[in-house]
Amino acid sequence: MGDSSALGPRVSVVVPALNEAMNVHFVLRQLPTVHEVILVDGGSVDGTVSAARQACQHLTVIRRLGAGKGAALAAGVTSATGDVIVTLPVDGTVDPSTIPALVGELVAGAGFVAGSRRLSGGGSAEMTALRALGDRLVNLLANRLYGSGTTDIGFGFYGFWADRRDVLDLPVASQGRWADGDQIDVLLTARAARAGLTVAEVPVVERFRIFGEQPRTGLRDLVNALRALWSERRRPVSVAQSIEVHPAHALQMLERALAS
């Protein structure tokens, strides 16, 4: 842990968790140097918070009992104090060493960056036929409706500039039927595209979950994701204003991000 503001953006990592004591310990110990880590705990009873504090000395804990993933992300993102916000799965399926590459894309000019298992250099250890089909359908709809240009929308590992979080409309996203499931990840990417943010991707390899069984994607998950994207058409759009980064400062920020 440390302040990354000297040469690069300050990175806030938001980690939603519920009964992930074994996994959170390993994941947080693998983090590169970042500005802060925000653990949003959904009411764990297995010692998740204690394990996280042992693994990460400078940790902010937010408790959101039974709030669902959407509300958890909203709470963490709203509380972040860094320049860049990165969301990280707690189960170990994403290698935290990928964070600097994601931050590098933001520094290079993107407004929103998502991890993709479908880019060259990416992949998945847990890709079933149903998941692959569902991902293609969701991605196709997002690209057709909102021009997101993504290859793997909604994977759950992404980052964006903190001063763009308002256009993602997270307080609204954390309420109602989209609060409980992974469809919040799909919505955020779609909202970034609708708001006019430059959406980029970085290759990421989805690893096996460290401890516990990987939740299986079912037909209900696919339907919820498609419904969320379709319903998004009716939401008013807040268009982001452009952000300018001086080339020399951008280079320093990129070097600092890659060295973290």
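Which loop, between which strand and which helix, holds Asn 19? Asn 19 sits in the loop that joins strand E1 (11-17) to H1. The legends below start with the whole chain and then move to close-ups.

This is a predicted model, in which local features need pLDDT of at least 70, side-chain atom pairs count only at pLDDT 80 or more, and totals for chains, interfaces and linings use all residues. Residues are numbered from 1 along each chain as its sequence is written, and side-chain values use heavy atoms, with hydrogens and water left out.

**Figure 1. Overview of the protein chain.**
The protein chain has nine helices and nine strands. Helices (H or I, at least four residues) and strands (E, at least two) are DSSP runs, numbered from the N terminus. Of the 260 residues in the protein chain, 55% are buried. Buried means under 20% relative accessible area, exposed means over 50%, and partly exposed is in between (1.4 Å probe, protein chains only). Take the contacts between residues at least 6 apart in sequence: 80% of them join residues at least 24 apart. Contact here means heavy atoms within 4.5 Å.

Asn 19 has a phi near 55°. That is a positive value in a residue other than glycine. Asn 19 counts as partly exposed, at 36% relative accessibility.

**Figure 2. Helix H1 against helix H2.**
Helix H1 covers residues 21-29 and helix H2 covers residues 48-55. Their axes come within 8 Å and cross at roughly 20°. Axes are lines fitted to C-alpha atoms, for helices over the stretch in contact, and angles run from 0 to 180 degrees between N-to-C directions. H1 and H2 are therefore roughly parallel to each other. The cut-offs are as follows: under 35 degrees is roughly parallel, over 145 roughly antiparallel, 65 to 115 roughly perpendicular, and the rest oblique. The H1 and H2 crossing is right-handed. A crossing is right-handed if the near helix is turned clockwise from the far one by less than a right angle, and left-handed if anticlockwise. On the H1 side, the contact residues are Ala 21, Val 24, His 25, Leu 28 and Arg 29. They meet Thr 48, Ala 51, Ala 52 and Ala 55 in H2. By class, this contact of H1 with H2 has six nonpolar, two polar and one charged residues. Ala, Val, Leu, Ile, Met, Phe, Trp, Tyr, Cys and Pro count as nonpolar, Asp, Glu, Lys and Arg as charged, and the others, Gly among them, as polar.

**Figure 3. Asp 41, in strand E2.**
Strand E2 spans residues 36-41 and includes Asp 41. Asp 41 is buried, with a relative accessible area of 1%. Its side chain makes a polar contact with the side chain of Ser 44 (2.5 Å). A polar contact is a pair of N or O atoms within 3.5 Å; within protein, one must be able to donate a hydrogen and the other to accept it, and residues adjacent in sequence count only if both atoms are side-chain atoms. Leaving out residues up to four places away in sequence, Asp 41 touches Ala 17, Thr 48, Val 49, Ile 62, Arg 63 and Arg 64.

**Figure 4. Thr 60, in strand E3.**
Thr 60 belongs to strand E3 (residues 59-63). Thr 60 counts as partly exposed, at 36% relative accessibility. Beyond residues up to four places away in sequence, Thr 60 touches Val 37, Ile 38 and Leu 39.

**Figure 5. Val 94, in the loop between strand E4 and helix H4.**
The loop with Val 94 runs between strand E4 (84-87) and helix H4 (99-107). Val 94 is buried, at 0% relative accessible area. Its contacts, not counting residues up to four places away in sequence, are Leu 88, Pro 89, Phe 155, Phe 157, Val 204 and Arg 207.

**Figure 6. Val 113, in strand E5.**
Val 113 lies in strand E5 (residues 112-116). Val 113 counts as buried, at 0% relative accessibility. Val 113 and Ala 200 are 87 residues apart in sequence, yet 4.7 Å apart in space, C-alpha to C-alpha. Ala 200 is also among the residues that Val 113 touches, as are Phe 157, Glu 201 and Val 202.
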